[in-house]
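Me: I would like to learn how to read helix and strand features in a model like this one. Could you take me through it step by step?

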Amino acid sequence: MNSMNLIVARNIKRLREEKKLSMDELAKLSGVSKSMLAQVERGEGNPTLSTLWKLSNGMKVPFNALTVSPKAPYEVVRTAEMQPILEDGGKVKNYCLFPDDENRKFSVYYMELAPGSHWKSEPHLRGTTEFVTLFAGAIEITADQKEIVVQTGESVRFQGDTTHAYRNISDQTTILHMILYNP
């Protein structure tokens with residue numbers, strides 16, 4: 001199984017080349033330095049969620065286009081074997097379970113947020129809707145300048161095409177599933 005860094009590296013390079021963008025051009029479009037972009041394309045380091053969102057927005061592709069794995073007729077996903085994308089010093093772990101490949105128009109994520117952790121997300125592609133279900137803990141989501149508290153066993157839907165944020169407000173690890181719908 002390929003590591004997430006290698007999958008992301010191959011996808012970014014392939015997408016950049018398909019769009020006929022030089023590294024300099026993508027760096028300007030995304031706000032990610034050329035040296036960081038080169039490092040990511042080589043599969044080195046651990047790019048943050050924020051960096052990957054900037055690159056996906058710069059290329060005008062869904063975030064999942066960066067994390068898509070080669071397709072098989074079926075797929076069993078084991079988070080214990082996956083390399084998560086980290087944020088907030090590793091306190092937020094994001095696992096892309098089922099990326100939006102082949103224009104499926106949605107993707108599924110599994111996230112763990114340590115107590116006190118937070119993550120501010122860049123806006124997704126225009127029209128994107130997020131569907132979040134909590135399986136443990138409690139979270140405060142700020143979206144469209146409104147604070148929404150979601151507890152274990154609850155779900156929420158909101159527009160993901162504006163800046164939004166997640167903050168674990170419980171004293172335990174918050175576990176959630178997130179579906180991003182891209183019209």
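Reply: Gladly! Let's start with terms: buried means under 20% relative accessible area, exposed over 50%, and partly exposed in between (1.4 Å probe, protein chains only). Helices (H or I, at least four residues) and strands (E, at least two) are DSSP runs, numbered from the N terminus. This is a predicted model, where local features need pLDDT of at least 70 and side-chain atom pairs count only at pLDDT 80 or more, while totals for chains, interfaces and linings use all residues. Residues are numbered from 1 along each chain as its sequence is written, and side-chain values use heavy atoms, with hydrogens and water left out.

Me: Which residues of helix H2 are buried?

Reply: In H2 (residues 23–30), these are Met23, Leu26, Ala27 and Ser30. They sit on the same side of H2 because they cover an arc of only 105° around the axis, the arc being that of the directions from the helix axis to the C-beta atoms. Turned away from that buried side is a face with the exposed residues Lys28 and Leu29. After H2 comes Gly31, with a positive phi near 80°.

Me: What do the buried residues of H2 pack against?

Reply: They pack against helices H1 (4–18), H3 (34–41) and H4 (49–59); contact means heavy atoms within 4.5 Å.

Me: And how do I describe a helix pair?

Reply: Two packed helices are described by the angle between their axes and the distance between the axes. Axes are lines fitted to C-alpha atoms, for helices over the stretch in contact, and angles run from 0 to 180 degrees between N-to-C directions. The axes of H2 and H4 come within 8 Å and cross at roughly 105°. H2 and H4 are therefore roughly perpendicular to each other (65 to 115 degrees; under 35 is roughly parallel, over 145 roughly antiparallel, the rest oblique). Leu26, Leu29 and Ser30 of H2 meet Lys54, Leu55, Gly58 and Met59 of H4.

Me: Now the sheet: in what order do its strands run?

Reply: Strands of a sheet pair through backbone hydrogen bonds, either parallel or antiparallel. Here 4 strands form an open, antiparallel sheet in the order S4-S9-S6-S7; two strands pair if DSSP finds at least two bridges between them. S4 and S7 (146–151) stand at the edges, each with a single partner strand, so one side of each lacks a neighbour in the sheet.
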